[in-house]
Structures are given as C-alpha cells and as structure tokens.
Amino acid sequence: ESPPTPGFDLDVVAGGTPPAPAITSVVDDQGTLRGPLAQNAFTDDAQPTINGTGADGSIISVFANGVLLGTTTVVSGQWSFTPTGLLREGLNNLSAQATNAAGNPSPTTGNFPINVDTSAPVAPT
C-alpha cells in the first residue's frame, strides 16, 4: 500500500468560444457637433467613445482598421472605450473582439465605419 497523495487545489476554467461582443454606439463627445454617430458618418472627434455589449468579465479588444486601439472589460453586460490616441483622418472601420477567462477569443464584430475629419474647412475666396 502506498502513502496517500498530498492534497492540492484544482482550478477549472470553462473553455469554449465566448459570444461575439456588439458595438451598440459610437459617440462624438468633442468639438462643435456632438452625439451618436451613424455608420459611415463624418466626425470631428478623433477619440470617439465606443460602447457595446458582451459577456460579463470578458476582456474587449477594440480595433480601428484591424489595429488594436486598447482593451476594456465588460461589466453588467456593458462596455465602453475611448481611444487614448487619435484615430487617423479618413475612414476608420471600428470592430471589437471578446476574450474569456480561459483566453479564448470570440468572433470579431462586424465593422462600424466612421469618417474622421478634423481639418478646418478652407475659407472661400
């Protein structure tokens, strides 16, 4: 008969693919015109607030044109993210992806395109 095995702790993290998050709104909160932006809208805000939904506790990665802008966490089914850097002038296809506690990524959201235009209009001659 062998001696008993010492006790140990076992943490099980549920795997699987998390559900894709959703981008529910993009809000211009700088400049003269403010408020929610429709897809393909023009904005003078190069740091709009991006809002969405997802599974609680998921880490949301936010992208513009496939480039990671940063991350945020889903709390009570909601997330919000404002880029620390400026979005580039012109078309920015915003998207998001969730990662669960097991490190599994979700499918990426569809694109939410916005057009950033921070240039002052040319004075008429």
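A contact, or touch, on this tour means heavy atoms within 4.5 Å. The model you have open is predicted, so local features need pLDDT of at least 70 and side-chain atom pairs count only at pLDDT 80 or more, while totals for chains, interfaces and linings use all residues. Residues are numbered from 1 along each chain as its sequence is written, and side-chain values use heavy atoms, with hydrogens and water left out.

**Stop 1: the whole chain**

Start with everything shown as a cartoon. You will find 9 strands and 0 helices; both are DSSP runs numbered from the N terminus, with helices being H or I of at least four residues and strands E of at least two. Of the contacts with a separation of 6 or more, 60% join residues 24 or more positions apart.

**Stop 2: the core**

Next, select Ile23, Val26, Ile50, Ile60, Trp79, Leu94 and Ile114, the residues with the most contacts inside the largest nonpolar core, which has 19 residues. Strands β1 (22-28), β5 (59-64), β7 (78-81), β8 (90-99) and β9 (112-116) each give two or more residues to this core. A nonpolar core here is a set of buried Ala, Val, Leu, Ile, Met, Phe, Trp, Tyr and Cys residues joined through side-chain atoms within 4.5 Å. Buried means under 20% relative accessible area, exposed over 50%, and partly exposed in between, with a 1.4 Å probe and protein chains only.

Keep Leu94 selected and show what surrounds it. Not counting residues up to four places away in sequence, Leu94 touches Ile23, Val26, Ile50, Phe63, Ala64, Leu69, Leu87, Gly110, Asn111, Phe112 and Ile114.

**Stop 3: Asn92**

Move along to Asn92, also in strand β8. Asn92 is buried, with a relative accessible area of 2%. Its side chain reaches the backbone oxygen of Gly90 at 3.1 Å. Beyond four places in sequence, Asn92 touches Ala64, Asn65, Leu87, Phe112, Pro113, Ile114 and Val116.

**Stop 4: Ser25**

Finish in strand β1 with Ser25. Leaving out residues up to four places away in sequence, Ser25 touches Thr49, Ile50 and Asn51.

Notes: Polar contact = N/O pair within 3.5 Å; in protein donor to acceptor, adjacent residues only side chain to side chain.
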